[in-house]
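Have a look at the model first, then read on.

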Amino acid sequence: MSDPVSAIVAALKATAKVVTSKGFATAATATSIGLGVHGSRMQAKALERQAELAEAQAEQEAKKYKQQGIDALKGLEKINASIRARAAAGGVESFSGSALALQRFNETEAAQDQYIIEENRLITLAGGSAQSAQYALQGSAVQLGGYADAVAGIGKLGTTLRQTATPDNKVGSGQKVKP
C-alpha cells in the first residue's frame, strides 16, 4: 500500500489538470486539504510524544518503587543487626530463641513489604504502558481522520468540477453536463 499522503497529492494533481477558470477555488481547496493532512500528522506526532512521555514517567515512578524496596531491605538488615547485638550484649545466643523469632518476624514483615512494593512497581509500569497505548491509538485515529477528510475534500471538489464542466471539459460555464 502506498503512502496515503502521496495518494492524496496525486489525486489533487489529477484534479488540478481538469481545472481552468475554477483554478483559485481548486487551489484553495487543495491547500485546505493539504493543511488538514499536515495538521492531523502534527497532532499524531504530538500524541506519539505524549505516549513516550507516559512510558518514561511510569519508568521513573517504577525506579522510585525499586529504590523503596532497596531501602526496605537495608532497614531489615539494620533491625536484624540491632536484634543480634542486643541479644549478644545480654549474653543470649543471637541466632536462636527469642532473638531468632524476632528476626524471622522482621523478615516476614519485610517480605510482605517487598511484595507490596513490587506490586506497586508493576502496576505503575502497566498503567504507563496503557496510557502510552491510549495516546498511540488516539494519534492513529487523528491521522486516519485527517486522511478521511482529505479524501472527502477531493471527492467534493471532483463533484463540484464535474457539475460545472462544459461538454468540452472546460470548467466555469455553469452548464451541467449530462453523464
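1. Let me start with I83, which lies in helix α2 (helices are DSSP runs of H or I, at least four residues, and strands are runs of E, at least two, numbered from the N terminus). I83 is buried, at a relative accessible area of 13% (buried means under 20%, exposed over 50%, partly exposed in between, with a 1.4 Å probe and protein chains only). Setting aside neighbours within four places in sequence, I83 is in contact with A99, L102 and Q103 (contact means heavy atoms within 4.5 Å). For I83 and L102, the C-alpha atoms are 7.4 Å apart in space, with 19 residues of separation in sequence.

2. A word on the basis of these values. This is a predicted model, in which local features need pLDDT of at least 70 and side-chain atom pairs count only at pLDDT 80 or more, while totals for chains, interfaces and linings use all residues. Residues are numbered from 1 along each chain as its sequence is written, and side-chain values use heavy atoms, leaving out hydrogens and water.

3. Now the overall layout. The protein has three helices and zero strands, giving the pattern α-α-α along the sequence. Of contacts between residues at least 6 apart in sequence, 70% join residues at least 24 apart.

4. N106 lies in helix α3 and counts as buried because its relative accessibility is 13%. Which residues does N106 touch, not counting those up to four places away in sequence? They are L76, I79 and N80. With N80 there is also a side-chain polar contact of 3.0 Å (a pair of N or O atoms within 3.5 Å; within protein, one must be able to donate a hydrogen and the other to accept it, and residues adjacent in sequence count only if both atoms are side-chain atoms).

5. On to the largest nonpolar core: its seven residues are V5, I8, I33, V37, Y147, A150 and I154 (such a core is a set of buried Ala, Val, Leu, Ile, Met, Phe, Trp, Tyr and Cys residues joined through side-chain atoms within 4.5 Å). Two or more residues come from each of α1 (4-18), α2 (23-89) and α3 (97-163), and α3 gives the most, with three. Beyond its neighbours within four places in sequence, V5 is in contact with V37, R41 and Y147.

6. Last, the surface. The protein exposes about 11,900 Å², and carbon and sulfur atoms supply 60% of it (Shrake-Rupley method, 1.4 Å probe). Buried residues make up 23% of the 179 residues.
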